[in-house]
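Hi,

Here is the structure I promised to pass on. Please open it next to this email and follow along.

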Amino acid sequence: MKNNKIFKMVVTAMFTAMIFVLTRFVSVPVATGYVHFGDALVYLVATTLGGPWAFFAAAVGEALADIAGGWFTYAPATLIVKALIAIPFVLVNKKSEKILTPITALLTIPAGVITVVGYFVADLIIDKVYAVVNITGNIIQAVGSAVIFIILAAAFDAGKIKKKLFIDKK
């Protein structure tokens with residue numbers, strides 16, 4: 001069942017919903033918006049399901065959170081940026097039975113850079129004055145996401161979640 005398309009669709013829907021909830025409702029307001037835990041789940045889904053499944057869950061879950069939170073103008077940028085932050089993790093996801101490896105811990109850095117640069121570009125389009133102000137909030141978001149990912153990945157690894165659900169047994 002592990003390669004079953006229906007299984008992957010169901011798990012993708014679950015991750016999409018979890019990303020939405022952790023982005024929209026488990027967040028800390030800051031002067032430039034809010035810091036949330038959704039990106040950490042993006043990293044998790046990318047290291048477990050990989051590919052188009054992770055891109056969908058990341059983009060849709062976080063964009064829906066923007067819309068639900070009243071940040072409508074950011075939803076298109078979020079669709080792009082959140083799919084992009086999954087790419088580094090998707091590229092290495094199938095090799096290890098573990099989610100947290102030295103490589104995946106380090107991949108939070110390019111993902112964080114993508115977040116900061118992506119939203120800087122979006123802010124230049126949406127509101128040029130806000131672009132520089134928002135850099136600090138996006139850096140805080142990236143660092144917080146890395147820390148939460150490491151904690152969650154270690155917990156998932158302790159329960160051997162990736163091996164039990166996502167690694168094919170031959």
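Below are my notes on salt bridges and on a surface patch.

Keep in mind that this is a predicted model.

**Salt bridges**

The count comes to three salt bridges. Start with Lys-82 and Asp-39. Their closest N and O atoms are 2.9 Å apart. This pair links distant parts of the chain: Lys-82 sits in helix H4 (residues 75-92) and Asp-39 in helix H2 (residues 38-48), 43 residues apart.

Lys-82 also pairs with Glu-62, with the closest N and O atoms 3.9 Å apart. Glu-62 lies in helix H3 (residues 51-68) and Lys-82 in helix H4, so this bridge ties together parts 20 residues apart in sequence.

Asp-39 is buried at 0%. Glu-62 is buried at 2%.

Another bridge joins Lys-163 and Glu-97, with 3.8 Å between the closest N and O atoms. Lys-163 is in helix H7 (residues 161-165), and Glu-97 is in the loop between H4 and H5, 66 residues apart. Lys-163 is partly exposed, at 35% relative accessibility. Glu-97 is partly exposed too, with a relative accessible area of 43%.

**Surface patch**

Leu-106, Ile-109, Val-113, Val-117, Val-121, Ile-125 and Ile-126 form a nonpolar patch on the surface. Together they have about 660 Å² of accessible area. Take Ile-125 as an example. Ile-125 belongs to helix H5 (residues 102-126). Its relative accessible area is 69%, so Ile-125 counts as exposed.

Best wishes

Technical notes:
Residues numbered from 1 in each chain as written. Predicted model: local features only at pLDDT ≥ 70, side-chain atom pairs only at ≥ 80, totals over all residues. Heavy atoms only, no water. Patch = residues over 30% accessible without salt bridge, like charges linked within 9 Å, V, L, I, M, F, W, Y side chains within 5 Å. Areas by Shrake-Rupley, 256 points an atom, 1.4 Å probe, with all protein chains shown as cover. Salt bridge = Lys/Arg side-chain N within 4 Å of Asp/Glu carboxyl O. Helix = DSSP H or I, 4+ residues; strand = E, 2+ residues; numbered from the N terminus. Buried < 20%, exposed > 50% of the residue type's maximum accessible area, 1.4 Å probe, protein only.
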